[in-house]
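Subject: Structure for you to look at

Hello,

Please find the structure below. My notes on it follow.

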Amino acid sequence: MKFIYGNTDGIRKHLLDKLSQIRGYQFDKLLPYEMYQQLLSISEQLNREIAIGINKKGKVEFISIGNSQQVPVPRNSYLIIHTHPQATSELSELDLSLIHSGQTQAIMAIGSFSDTIQIAKIDDSHGLTVEKYTLQDLAQKSLDIIGVEGSRKNKIEDIDLTEKALLIAFDEEGALELEELCKTAGIQVLDCEIIKLRKIHTGLFVGKGKIVEIKNKSQVLQANLLVFDHELSPVQLRNIEEITGQKVVDRTTLILDIFAQRAQSREGKLQVELAQLKHLLPRLTGQGNNLSRLGGGVGTRGPGETKLEQDRRKIKKKIVLLTQELAEIQKHRQNQHKQRATNNIPHICLTGYTNAGKSTLLNLLANANVLAEDKLFATLDTTTRRLQLPSGRWAVLTDTVGFIRNLPPGLIAAFRATLEEHLRSDLILHVVDASNPFARQHIKVVEAIIKDLNLETIKQLIVFNKIDLLNDLDRLNILLHDLPSDYVCISALKKTGIDELLIKIDTILNTENVYKDTLWFFPYNQASLISLIRKHGHIVEEKYTDSGILIKGRVENRYSAQLEIYEK
Ligand SMILES: Nc1nc2c(ncn2[C@@H]2O[C@H](COP(=O)(O)OP(=O)(O)OP(=O)(O)O)[C@@H](O)[C@H]2O)c(=O)[nH]1
Ligand SMILES: [Mg+2]
């Protein structure tokens, strides 16, 4: 029988090794301190929940890896210990439902934010009791306190863990995109219902009648999950779950989960964690146990009302810490960036909608080895490579995270600094999947984000990719109609149009970055401008006169206008 369950995609080998080591662990006490530390540390590094199942003799029977909000439980156990990264140890209704359904005799949650731990277990009269222990108690008490095995009502072996979803979208484009997102998140899509929204219902998002239809349809399909292609308020989410009896996930949570699973670098992980905490914070307000969910698997955490204020303070504190740590990393990167600027190597940035083919193009142009796959958000971390242009000149090429319409605002905010810094380059290569029926809308989404970052003045080249898939030239003509910037058509997969692309890049960079030999005269009160020339060009001669400084040198074209009035 399998030992590690759940999605192990993207988990680094050393963490997987650590998880495998837990297999041989013998629990002589309820929760030895080293095990507490080990589980919480792995879970926090992954930003995903982890559950382990233990038998009466203290042997670990399975490990299961979930996402940031829940973890599936594959088979029944004597004791389930699971983590709540970035949350408290409070057990949710859903956690307790595992005891009611007989999947475990006892359950315990280890959260990042609490010092006491709750254990729920079946008591002598087959009712349920919840006890609180300190870590010290748990490290000393024996497993026997859980009671005799077998008081479980029924046994369920190997439960089906697949999430089978009915999708609810509001237009054709959203439906296709949501399906792709689900595929990326490992959710099986049973069907998609497209609802024409006339007005938003405050309590249910769509009208009551529609929710009942959705409930019936999901029962017929035997779905265990409803995915909405829109952000839902905490109240809407709860109401829909109550009426349908199904677990509900909204678009924002889905995207945040994919990001949490895919982030690899320290910076990427911190950014996602920050976005998740910011998303969670308003959802804690007055929610109490209602945050917990119905359905299978160990569920979302439900911080109790009394601890709410404390949790909120802890989360806020963590947000401040994460923001500081990110600022440090970004400062370090900016220094590298500056160094590059002084080396006069032009910087090109690949951007575009997710799945457009950016990583495939980077791999082709710069012989890199970046993961390119037919999934959304394959790339979350930026990769930079050197590239030689046909003129012999070197440039630096950076791959970045792809965009999608209605990206959760928290995520844009979290990635803003990184994006802005990378996109503030000498040339933006905007890669578009020309074969996608919604390519024009995709271009608009990306342009809106570039504008939002105040970067629209940077030179852009639109790269229509995947033209190998396009046999209808009329479609291409529609795409090319009234384009705001220059373009090329390529196929990164079939390697066509690449020479033309490189020549275009070379031409744009050469006209953009030409250095102009100039003679300036700066009065002493403007002497600080000389440092600009030093930074973005170089000084050949410097002469101090009675009334000012005479400088002979060259500066990048983009700064020459600013210095024009001092030209001689
Ligand atoms: N047919 C065809 N497929 C391509 C082409 N370029 C890329 N692909 C495929 O498109 C899929 C997505 O490619 P990626 O390079 O991962 O796309 P990306 O823009 O980096 O995506 P994100 O990292 O998610 O933003 C992969 O399955 C590629 O093999 C092309 O020119 N033609
Ligand atoms: Mg990519």
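Which residues in helix 1 meet which residues in helix 2? Leu15, Lys18 and Leu19 in helix 1 are in contact with Gln38, Ile42, Gln45 and Leu46 in helix 2. Two residues are in contact if their C-beta atoms, placed from the backbone, lie within 7 Å. Helices (H or I, at least four residues) are DSSP runs, numbered from the N terminus.

Before the rest, some ground rules. This is a predicted model, in which local features need pLDDT of at least 70 and side-chain atom pairs count only at pLDDT 80 or more, while totals for chains, interfaces and linings use all residues. Residues are numbered from 1 along each chain as its sequence is written, and chains are lettered from A and ligands numbered from 1 in the order in which they are written.

Confidence

pLDDT is the predictor's confidence in each residue, from 0 to 100. The protein has an average pLDDT of 81, and 88% of the residues score at least 70. Two stretches to treat separately are these. Over residues 151-158 pLDDT stays under 50, and the model has 16 contacts there beyond four places in sequence. Residues 286-306 also stay under 50, with 71 contacts beyond four places in sequence. For the complex, the predictor gives an ipTM of 0.99 and a pTM of 0.64.

Helix pairs

Back to the pair in the question. Helix 1 (residues 13-21) packs against helix 2 (residues 33-46) at an angle of about 150 degrees, and their axes are 11 Å apart. Helix 1 is therefore roughly antiparallel to helix 2. Axes are lines fitted to C-alpha atoms, for helices over the stretch in contact, and angles run from 0 to 180 degrees between N-to-C directions. Angles under 35 degrees count as roughly parallel, over 145 as roughly antiparallel, 65 to 115 as roughly perpendicular and the rest as oblique.

Helix 6 (residues 208-221) and helix 7 (residues 234-244) pack at about 50 degrees, with axes 9 Å apart, so helix 6 is oblique to helix 7. On the helix 6 side, Ile211, Ile214, Lys215 and Ser218 meet Ile240, Ile243 and Thr244 in helix 7. By class, this contact has four nonpolar, two polar and one charged residues. Here Ala, Val, Leu, Ile, Met, Phe, Trp, Tyr, Cys and Pro count as nonpolar, Asp, Glu, Lys and Arg as charged, and the others, Gly among them, as polar.

For helix 5 (residues 172-185) and helix 8 (residues 251-262), the angle is about 40 degrees and the axes are 10 Å apart. Helix 5 is therefore oblique to helix 8. Leu181, Thr184 and Ala185 in helix 5 meet Leu254, Ile255, Asp257 and Ile258 in helix 8. That contact divides into five nonpolar, one polar and one charged residues.

Ligand 1

There are 23 residues around ligand 1, and Gly357, Ser359, Thr379, Gly402 and Leu493 come nearest. A residue is near a molecule if its C-beta atom, placed from the backbone, lies within 6 Å of it. Helix 11 (residues 358-366) supplies the largest share of this shell, three residues. By class, the shell has eight nonpolar, 10 polar and five charged residues.

Regards

Terms used. Helix = DSSP H or I, 4+ residues; strand = E, 2+ residues; numbered from the N terminus.
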